Amino acid sequence: MQGMGRAASAALAVLVVLGLAGCGAGEEPAAFGREGVRTEIRTVVDDAGMPESKLPGPGEETGTASPATERERVVARAAACSAGWQYVGPPVEGARGKYEKALTGLAGAGWKESGERFEEPIGENDGTMVQVVLKKEGWTLYAGHTPSRALGADMISFTATEDACMKQFTEQEIALLSGDGADGADGGSGQ
């Protein structure tokens with residue numbers, strides 16, 4: 001099960017970095033739907049002083065062409081289960097502090113940390129990558145910050161996925177999302 005969690009986390013990283021959008025929302029719980037999650041994340045990010053992002057958030061429409069490969073179709077379905085905010089751009093002054101302030105804001109809004117905080121040094125002088133998983137009302141939020149001085153960039157993301165929606169994916173589809181299902185990456189069946 002831990003491998004499945006890592007694959008799901010890797011799949012979400014694909015969504016965040018590529019900025020692909022969903023193709024419509026599925027059913028949302030009345031109490032805490034996708035728009036509520038998106039608004040909550042954006043409010044916390046703004047309050048923390050994060051930079052303006054020019055990227056679409058996970059699950060937002062981008063106007064891109066229809067998915068052509070099996071992997072693209074699975075990515076689009078996964079994006080439809082998501083809401084969030086992401087920034088990939090020039091280094092942000094005090095980025096880690098702003099990231100931590102956003103986490104504090106999420107905790108104040110009822111998001112509870114789930115599992116361990118993941119921190120790993122990257123590069124010689126790049127700092128430390130951090131990922132935290134939070135849960136609230138049937139949603140799982142993956143919050144991450146990766147500084148890269150070598151690339152001259154910060155990558156900051158707050159991506160929430162609706163648990164019931166993500167449970168519709170098979171292990172094969174999760175592997176395809178994470179890049180482990182290479183057979184289906186070119187549009188093949190992946191079987």
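**Close-up views of a predicted model**

View 1. At 13% relative accessibility, Ala-80 counts as buried, because buried means a relative accessible area under 20%. In this predicted model, Ala-80 is placed in the loop between helix H3 (70-79) and S1. Its C-alpha atom is separated by 9.3 Å from that of Arg-34, although Ala-80 and Arg-34 are 46 residues apart along the chain.

**View 2. Ser-82, a residue of strand S1.** Ser-82 belongs to strand S1, which covers residues 82-89, and Ser-82 is buried, with a relative accessible area of 0%. The side chain of Ser-82 reaches back to the backbone oxygen of Ala-78, at 2.9 Å.

**View 3. The hairpin of strands S3 and S4.** Strand S3 (residues 118-121) and strand S4 (residues 128-136) run antiparallel and are joined by four bridges. Within this pairing, Phe-118 stands opposite Gln-131 in S4. The two strands form a hairpin with six residues between them, and in the turn Gly-123 has a positive phi of about 60°.

**View 4. The salt bridge between Lys-136 and Glu-40.** Lys-136 and Glu-40 form a salt bridge in which the closest N and O atoms are 3.0 Å apart. Since Lys-136 lies in strand S4 and Glu-40 in helix H2 (residues 34-47), the pair ties together parts that are 96 residues apart in sequence. Both Lys-136 and Glu-40 are buried.

**View 5. The salt bridge between Arg-73 and Glu-70.** Here the closest N and O atoms of Arg-73 and Glu-70 are 3.5 Å apart, and both residues lie in helix H3, three residues apart, which is about one turn of the helix. Arg-73 counts as partly exposed at 36% relative accessibility, and Glu-70 is likewise partly exposed, with a relative accessible area of 25%.

View 6. The side chains of Glu-100 and Arg-117 meet in a salt bridge, at 2.2 Å from N to O. Glu-100 lies in helix H4 (residues 95-108) and Arg-117 in the loop between strand S2 (112-113) and S3, so the pair ties together parts that are 17 residues apart in sequence. Glu-100 is partly exposed, with a relative accessible area of 26%, and Arg-117 is partly exposed as well, at 31%. Glu-100, Arg-117 and Glu-119 are linked in a network of salt bridges.

Key:
Residues numbered from 1 in each chain as written. Predicted model: local features only at pLDDT ≥ 70, side-chain atom pairs only at ≥ 80, totals over all residues. Heavy atoms only, no water. Buried < 20%, exposed > 50% of the residue type's maximum accessible area, 1.4 Å probe, protein only. Polar contact = N/O pair within 3.5 Å; in protein donor to acceptor, adjacent residues only side chain to side chain. Pairing = 2+ DSSP bridges. Salt bridge = Lys/Arg side-chain N within 4 Å of Asp/Glu carboxyl O.
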